[in-house]
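Please look at the structure before reading on.

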Amino acid sequence: MSDADTPMVLADKVCKSFGSLEVLKGITLEVGRGEVACLIGPSGSGKSTFLRCVNHLEVVNAGRLYVDGDLIGYREKGDKLYEMSPKDAAKQRRDIGMVFQHFNLFPHRTALGNVIEAPIQVKKQNKREATQRARSLLDRVGLADKADTYPAQLSGGQQQRVAIARALAMEPKLMLFDEPTSALDPELVGEVLNVMRELAASGMTMLVVTHEMGFAREVADQLVFMDGGVVVEKGDPREVLANPQHERTQSFLSKLL
Ligand SMILES: Nc1ncnc2c1ncn2[C@@H]1O[C@H](COP(=O)(O)OP(=O)(O)OP(=O)(O)O)[C@@H](O)[C@H]1O
Ligand SMILES: [Mg+2]
């Protein structure tokens with residue numbers, strides 16, 4: 001199901017605990033089609049957990065998550081929710097690309113090998129077609145000449161760009177990024193942000209955990225500040241950054257800048 005008015009991501013009072021530790025205490029937010037939302041907040045505030053809930057790598061304890069109008073991880077029967085089979089959850093996850101802080105490339109595969117893996121194994125694309133698409137994606141992230149290189153021979157920024165190309169190879173409708181530049185040397189951050197900027201300009205919907213405030217200000221439609229498992233404040237990044245309404249946001253931003 002999908003139509004132009006359905007938000008790409010809709011989180012409705014999402015709660016998540018690990019044992020007695022309540023990590024998400026009712027997260028409500030919306031990301032429209034083609035929008036970029038940046039998620040910021042102190043360590044431990046639940047940013048990664050929230051992203052992991054969006055593609056059902058974590059089960060939620062209460063509340064609902066929808067991607068493109070589809071309830072994530074559960075089927076609704078009457079007023080009851082039943083968790084999906086791992087197979088069905090994996091099927092939903094195919095449409096959601098995820099890029100992590102650590103690139104998690106297959107070390108024994110070349111850049112090209114990494115990018116064609118899922119289209120061939122999961123989407124059953126034939127190798128020629130997958131290879132052709134992978135080359136154009138590597139070109140898009142500026143790595144046309146590195147197709148045959150193994151991850152260990154690539155810089156962190158190059159590895160992360162391969163990871164982005166790999167996620168795009170599945171033709172996702174939503175991309176999740178969890179601090180994609182925070183493990184990189186400062187001089188490599190820009191090349192990854194440039195790829196993300198281009199992706200945003202191409203109309204991809206993106207939910208990005210990042211503390212790159214320049215990127216957030218310039219690219220994001222929405223900046224969401226989380227603390228202690230709740231959304232404290234959200235809005236136009238330029239406004240939130242220039243004029244934070246909550247004391248906790250002010251204090252967090254003052255430490256960041
Ligand atoms: N699998 C897990 N089991 C138990 N506790 C967990 C698990 N995953 C996360 N937590 C806890 O949940 C809380 C939120 O973690 P999360 O990784 O979502 O925070 P974060 O906002 O992404 O922080 P950071 O900025 O450091 O990445 C932390 O207290 C963490 O220890
Ligand atoms: Mg995190």
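The largest cavity holds about 40 Å³ of space. This is a predicted model, in which local features need pLDDT of at least 70, side-chain atom pairs count only at pLDDT 80 or more, and totals for chains, interfaces and linings use all residues. Residues are numbered from 1 along each chain as its sequence is written, chains are lettered from A and ligands numbered from 1 in the order in which they are written, and side-chain values use heavy atoms, with hydrogens and water left out.

A cavity is a set of points, on a 1 Å grid over the protein atoms alone, where a 1.4 Å probe fits but cannot get out; lining residues have an atom within 4 Å of a point. Grid points are joined across faces, edges and corners, and a volume is the space filled by probe spheres set on the points. By this rule there is one cavity of 30 Å³ or more.

The lining of the largest cavity consists of Cys53, His56, Glu58, Val60, Gly63, Arg64, Leu65, Leu71, Ile72 and Tyr74. Strand 4 (residues 62-67) gives the largest share of this lining, three residues. Helices (H or I, at least four residues) and strands (E, at least two) are DSSP runs, numbered from the N terminus. Sorted by class, the lining of the largest cavity has six nonpolar, two polar and two charged residues. Here Ala, Val, Leu, Ile, Met, Phe, Trp, Tyr, Cys and Pro count as nonpolar, Asp, Glu, Lys and Arg as charged, and the others, Gly among them, as polar.

A pocket is an open set of points with protein on both sides within 12 Å along at least five of seven lines. The largest pocket has a volume of about 600 Å³. It is lined by 25 residues, and Arg93, Ile96, Met98, Ala118 and Met170 lie nearest its centre. At least two lining residues come from each of helix 2 (86-93), strand 8 (96-99), helix 3 and helix 5. By class, the lining of the largest pocket has 14 nonpolar, five polar and six charged residues.

The table gives the helix pairs. Axes are lines fitted to C-alpha atoms, for helices over the stretch in contact, and angles run from 0 to 180 degrees between N-to-C directions.

| Helix pair | Angle between axes | Axis distance |
|---|---|---|
| Helix 3 (residues 111-121) and helix 4 (residues 127-140) | about 130° | 9 Å |
| Helix 4 and helix 5 | about 135° | 9 Å |
| Helix 5 (residues 156-168) and helix 6 (residues 186-201) | roughly 20° | within 8 Å |

Angles under 35 degrees count as roughly parallel, over 145 as roughly antiparallel, 65 to 115 as roughly perpendicular and the rest as oblique. Helix 4 and helix 5 are therefore oblique to each other. Their contact (heavy atoms within 4.5 Å) is made by Arg133, Leu137, Leu138 and Arg140 of helix 4 and Val162, Ala165 and Leu168 of helix 5. By class, this contact has five nonpolar, no polar and two charged residues.

Helix 5 and helix 6 are therefore roughly parallel to each other. Gly156, Gly157, Gln158, Gln160, Arg161, Ile164 and Leu168 in helix 5 meet Leu188, Glu191, Val192, Val195, Met196 and Leu199 in helix 6. The classes in this contact are seven nonpolar, four polar and two charged residues.
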